[in-house]
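Reader: I would like to learn how to read a model of this kind with care, one feature at a time. Could you take me through the general idea of each feature and then through the case at hand?

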Amino acid sequence: MKLSTDRILTTHVGSLPRPKPLTELLLAKDRGEPYDRAEFERSTAAAVAAIVRRQVEAGVDIVDDGELSKPGYSTYIVDRLSGFAGRSERVPPLDTRDYPNFNAAMARMTGAQPLRRAPCIAAVTLKDRAPFERDIANLRAAMTGSAAAEAFMTSASPGLVTAFQPNQYYPTHQAYVEAVGAAMQEEYEAIAAAGFVLQLDCPDLAMAHHTSFQDLSEADFLKRARLHVEVLNRAVRNIPAEQMRIHICWGNYEGPHDHDIPLAKVLPILLKAKPMALVIEAANPRHEHEWAIWRETPLPDDKILIPGVLDTSTNYVEHPELVAERIERFASAVGRERVIAGTDCGFGTFAGFGKLDPDISFKKLEAMAEGAAIASKRLWQKRTRARAKARAAKAKAGSARSRTAARRTRPAAARRTKSGVRAPSGPRRR
Ligand SMILES: [Zn+2]
């Protein structure tokens, strides 16, 4: 994984706006209606090539395929795994369910969420490798000759699949998530074998507390989150930690979010996950303050942070100075080389749904790149200036020492301090 060694690198969480004709094909396919399969494959490949170019133009260093081939970041698995069929209703999130006026206004703005959430009704196994092989081939082709620093590809974590597709088959939740983990392992390994950074999407470790798993007590939710991380770690046991990132968030929608479980409660569990990079929502008004956790909780040596420095639920374009400020806060807590600038969540979580304007999404990514450049300038210049100052002070102390040596009039004991310890000869090195 590329790290911010000489400047702050930029990336995002995965989904990007899909072209309208492709969205229509995706939705028809998802509804089980007839669609032109050859046209779908052609337009997906072309759209992935275009979206990689557009990310580079916007100044994104670590790019992906925008999840353009998928109807949603979690529901896409029904094409790849056996055991899912039919439709299940979405449970209203705890924070929005008591606000009918808000929900009606929101639906007018975002459109109805048209996606199929198929429950698990039979044994889960991998039934078709072709969809992820096509995704890998499309991204590989798009990266050929690209100026992007690196490519990543997202995949649903075992726990996320169970949060979106309710269990109607396995005797226990544990049996269900373990079966999903075993079935998803091949997709994870194929992405890593292609040389991409694998991002595992895990809103099941945070968002699910007030959505799909809202019936669990907090203690039982945390127990389930621990199980999900154990299953995830087993499923990625053959992939180096340095080639993986893990994303958690509390749901990519503008809502009260006043039922979100605090990061502090899930962090000890998140830190047990194998992936090296933690991609955490951190820019919106409900979670921005949580950066301060990193002043008290040391980031383990083998982890880095990809905090959200852009909110992905509004059309505000963050000022680059604000982006820089956010980056610098994290850099001050964990070190500049251990921060990559990211986004709170995706820009196109579900095809045909959401209130973000596609073009404004790219303006936001441009603002992130500008902000990262400002932060890099300050973070790297600061260190260079500090080093130059230390060198100057050392040189000054050195010339003072040689003057003392030239005099050589006082006895050696007199040159020692009162405590008998030699005084430091110059400013302490950091
Ligand atoms: Zn997210």
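Author: Burial is a matter of counting neighbours: a residue is buried if 20 or more other C-beta atoms lie within 10 Å of its own, exposed if 12 or fewer, and partly exposed in between, with C-beta atoms placed from the backbone. In the protein chain, buried residues make up 43% of the 430 residues. This is a predicted model, in which local features need pLDDT of at least 70 and side-chain atom pairs count only at pLDDT 80 or more, whereas totals for chains, interfaces and linings use all residues. Residues are numbered from 1 along each chain as its sequence is written.

Reader: What is the mean pLDDT of the protein chain?

Author: The term pLDDT stands for the predictor's confidence in each residue, from 0 to 100. For the protein chain the mean is 91, and 91% of its residues reach 70 or more. Over residues 408-430, however, the pLDDT is below 50, and beyond near neighbours in sequence this stretch has 12 contacts in the model, a contact being a pair of residues whose C-beta atoms, placed from the backbone, lie within 7 Å. Where pLDDT is low, the predicted coordinates should not be read in detail.

Reader: How many helices and strands are there in the protein chain, and in which order do the strands of the open sheet come?

Author: Helices (H or I, at least four residues) and strands (E, at least two) are DSSP runs, numbered from the N terminus, and the protein chain has 11 helices and six strands. Two strands pair if DSSP finds at least two bridges between them. Here six strands form an open sheet in the order E1-E2-E3-E4-E5-E6, with parallel pairing. Its edge strands, E1 (62-63) and E6 (304-307), each pair on one side only.

Reader: Which strands pair with E3, and is E3 mostly covered or uncovered?

Author: E3 (residues 197-201) is mostly covered, with five of its five residues buried: Val-197, Gln-199 and Asp-201 point one way, while Leu-198 and Leu-200 point the other way. Strand E2 (residues 150-156) pairs with E3 in the parallel sense over five bridges; Phe-152 stands opposite Val-197, and Ser-155 stands opposite Leu-200. Four bridges join E3 to E4 (residues 244-248), again with the strands running parallel, and the bridge partner of Asp-201 in E4 is His-247. From E3 the chain crosses through helix H7 (residues 218-235) to E4 in a right-handed β-α-β crossover, meaning that, with the strands pointing away from the viewer, the path from the first strand over the helix to the second runs clockwise.

Reader: Why do the buried residues of H8 lie on the same side?

Author: In helix H8 (residues 263-270), Leu-263, Val-266 and Ile-269 are buried. They lie on the same side of H8 because they cover an arc of only 120° around the axis, the arc being that of the directions from the helix axis to the C-beta atoms. On the other side of H8, Ala-264 and Pro-268 are exposed. The cover over the buried residues of H8 includes H7 and helix H9 (293-296).

How values were computed:
Contact = placed C-beta atoms within 7 Å.
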